[in-house]
Amino acid sequence: MGVSGTGKSTVGRLLAEALGVPYAEGDAFHPAANVARMSAGIPLEDADRWPWLDAVGAWIRGRGTGGGVVAASCLRRAYRDRLRAAAPAGVVFVHLTGRRPLIAARMAARTGHFMPASLLDSQFAVLEPLHPDEPGFAVDVTGTPEEITARALSALRPPGGRNTTAP
């Protein structure tokens with residue numbers, strides 16, 4: 001999870017590969033109307049997000065206990081609550097975090113993505129970091145995708161092999 005430009009897709013793919021589980025691109029679950037709105041620089045509203053979140057939740061639920069990684073912004077707690085309600089126990093959020101200038105520079109450098117950099121401020125405005133009672137942790141996005149993935153794996157697989165929900 002995280003704002004656009006944090007590397008959710010890249011790190012998500014690497015994380016899924018390292019864990020040996022399926023990967024899904026959250027953007028692929030957006031209805032065409034959502035993509036059109038974002039492409040036009042119009043932020044989504046909650047009513048736009050509910051069907052998207054339900055589709056992502058269905059994908060997660062379909063993994064059963066086998067696991068999977070899906071890259072999805074999940075910026076607000078209400079969105080994460082909706083996913084947890086749809087999915088089996090064991091959902092863990094990896095919140096990719098970073099400073100706005102770094103993320104803006106990454107967004108400006110990427111090509112072929114429908115999300116314009118002009119929406120970054122609206123994403124930061126909506127962002128609610130994980131609360132202490134939510135299963136997950138924050139991972140800083142400085143460094144290479146491989147370094148970021150290694151930090152996420154370390155948090156998922158702490159010494160002793162037990163998962164943690166603390167950042």
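This is a predicted model: local features need pLDDT of at least 70, side-chain atom pairs count only at pLDDT 80 or more; totals for chains, interfaces and linings use all residues.
**Entry 1: D48**

I started with D48 and found it in helix α3, which spans residues 46-62. Is D48 buried or exposed? Its relative accessible area is 18%, and since buried means under 20%, I put D48 down as buried.

Next I wanted its partners. Which residues does D48 touch, once neighbours within four places in sequence are set aside? I got N34 and R37. With R37 I also noted a polar contact between the two side chains, at 3.4 Å.

**Entry 2: aromatic rings**

How many aromatic pairs are there? My search returned one aromatic pair. The rings are those of W50 and Y79, with centres 5.7 Å apart. Why did I log the pair as edge-to-face? The planes stand at 80°, and planes over 60 degrees apart count as edge-to-face.

I then checked where the two rings sit. W50 belongs to helix α3 and Y79 to helix α4 (residues 77-86), so I have a link between distant parts of the chain, 29 residues apart.

Y79 is buried, and I wrote down a relative accessible area of 1%.

**Entry 3: a charge over a ring**

Last, I looked at W59. What sits over the ring of W59? I found the charged end of R63 there, 4.4 Å from the ring centre.

Technical notes:
Residues are numbered from 1 along each chain as its sequence is written. Side-chain values use heavy atoms; hydrogens and water are left out. Helices (H or I, at least four residues) and strands (E, at least two) are DSSP runs, numbered from the N terminus. Buried means under 20% relative accessible area, exposed over 50%, partly exposed in between (1.4 Å probe, protein chains only). A polar contact is a pair of N or O atoms within 3.5 Å; within protein, one must be able to donate a hydrogen and the other to accept it, and residues adjacent in sequence count only if both atoms are side-chain atoms. Contact means heavy atoms within 4.5 Å. Rings of Phe, Tyr and Trp (its six-membered ring) pair if their centres lie within 6.5 Å; planes under 30 degrees apart count as stacked, over 60 as edge-to-face and the rest as tilted. A charge sits over a ring if NZ of Lys or CZ of Arg is within 6 Å of the ring centre and within 35 degrees of the ring normal.
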